[in-house]
Amino acid sequence: MSVFPVEQDRRFVAAGYGNILATGSHSHMSSRGEGFASGVINIGELEVLQISRFEFVWGSNLSRDKKKGVTFYKPVGIPNGFFSLGHYCQPNNQPLQGYVLVAREVACSNPQATQIFNSDKLPALRKPLDCTLLWSPDDGSQENNGSCGYFWLPQPPMGYKTLGFVVTDKPKKPELDEVRCVRADLTDSCETHHLMFKTSSKLSKLPFRVWSLRPCHRGMLGKGIPTGTFFCSSYWNHREEPNIVCLKNLNPSLHAMPNLDQIHALIKHYGPTVFFHPNESYLPSSVEWFFKNGALLHQKSKPNGQAIDTEGSNLPNGGKNDGKYWIDLPNGDKKTSLKSGNLESAKLYVHVKPALGGTFTDIAMWVFCPFNGPATLKVGLMNIALNKIGQHVGDWEHFTLRISNFTGELWSMYFSQHSGGVWVNACDLEFIEGNKSIVYSSRSGHASFPHPGSYLQGSSKLGVGIRNDAARSNLYVDSSIQYEIVGAEYLGDGVVAEPCWLQYMREWGPTIVYDSRSELDKMISFLPAMFRYSVQNMFNKFPLELSGEEGPTGPKEKKNWEGDERW
């Protein structure tokens, strides 16, 4: 039997990690933070913990690309009283770094909910009635003897749901005691996410695909909890709902979330350093500096702008972005000065929120730049600086640290990049000191990247698109020191004081309209014929970015303030 533990140096366990936990004992909110990083999380009638030690079951390379094989594992070292919910799968081109949840039944923390949804007083966990063979590459030939995987779907009792598959390396059915099904009212729907594996028709007679899973209901208010299991099928339409579900957190206390002292400790311990390009002309600043040095509030019905006080207390509060107000730069020398930003005053504005049903904490860090510069177009070996396209006043960008509430470890980071973004596992980050990672902010556009380089927004295959250049320099902001917590709603009213400007829901810059089409047509006419169609086609896909730039809204108007990141 081969047992594979997740390598702890890949999880970047904090050296001095106990200090993060110790802050909770002296917090002004003793009821908060007690369950953070305790290893076990109460979600109502169940307690769950992460298992990251695995026993190898079967590995497959039944695809044309040998690097795209996957390996299936069963969790081991499960404490007494806890039960497996399903097995684990991971691609072979990644270090073993995942987990599955195991669960045990406990007295309900919310008995009123139990009476409503479980009037029959059924147990939270039950054994499956049977296991049905879903797929196997075994065709009965001697070549496959002893080297095949068998995928079993546990059949739940009435009123219960299945949360994962069981994999064996022999055709014998798995023992029914190996997994548990969960009562339906304690589960939530999930959806397929990344396709991890699919068989090649030349190597396997029956098609087979394996996906990772994620809860359908995510974000700050979502209760869905991923269990770390996978979904697999031979014949499945993506429009169908998977026959696998996830858990649901029915404990309203969110007791595993960190308290305010623990949040500060986490930021000081994990806060990244944000590097700006050495040739960056449009640096960040604090919002207070931006207001103090001349930013003006404009109103649709009035010809002149109004000065904004340092705290933003005279900005219109609440409501929605109705186009009646916007912020703009003053004229003259002050305009040039504001565009350049002020690195000394810059800070990261922090929003802390529950993620994945309160089993993780998202620490979203927002950076403000008074101005977003024009873009640079790359066409093959040519780089063309665009005069106006891409520029706008008031640029809000962010990245997010995802912390495990089971252990307090940095699990992954989200890098926001214009209209999208990417999650990067902790083991794939670049670190500058201890557990503090690096964020590279792209030149002019301020998109976030995990590593230096030139990133193309467009077609990398054709070599055509907007350049995003990221590099280290002596222009940086250390978020572990230069930060301000502006939001943590789960802590309750009055714990975190929101600044006045956070309630400003209108645009942080005017709508800029320019005749970009003539500029582009002129530029395209000078390109080699082989590139003209590709460039023209790419620009046609981004009409809003070519005809003008609407002033951006503030952090609280973004969908990911309450919702999940775009991934």
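Predicted model: local features only at pLDDT ≥ 70, side-chain atom pairs only at ≥ 80, totals over all residues.
Residues are numbered from 1 along each chain as its sequence is written, and side-chain values use heavy atoms, without hydrogens and water. Local features need pLDDT of at least 70 and side-chain atom pairs count only at pLDDT 80 or more, whereas totals for chains, interfaces and linings use all residues.

**View 1. The largest nonpolar core has 38 residues.** Such a core is a set of buried Ala, Val, Leu, Ile, Met, Phe, Trp, Tyr and Cys residues joined through side-chain atoms within 4.5 Å; buried means under 20% relative accessible area, exposed over 50%, and partly exposed in between (1.4 Å probe, protein chains only). Ile-363, Leu-401 and Leu-410 have the most contacts inside this core.

**View 2. Leu-401 and its surroundings.** Beyond its neighbours within four places in sequence, Leu-401 is in contact (heavy atoms within 4.5 Å) with residues including Tyr-270, Pro-272, Ile-363, Met-365 and Leu-410.

**View 3. Glu-47 and Arg-104 form a salt bridge.** The term denotes a side-chain nitrogen of Lys or Arg within 4 Å of a carboxyl oxygen of Asp or Glu. The closest N and O atoms of Glu-47 and Arg-104 are 2.7 Å apart. Glu-47 is buried, at 16% relative accessible area, while Arg-104 is partly exposed, at 29%.

**View 4. Arg-183 pairs with Asp-185 in a salt bridge.** Their closest N and O atoms lie 2.6 Å apart. Arg-183 is buried at 2% relative accessibility, and Asp-185 is buried at 18%.

**View 5. A network of salt bridges links Glu-191, Arg-214, Arg-218, Asp-362, Arg-402 and Asp-564.** The whole structure contains 18 salt bridges.
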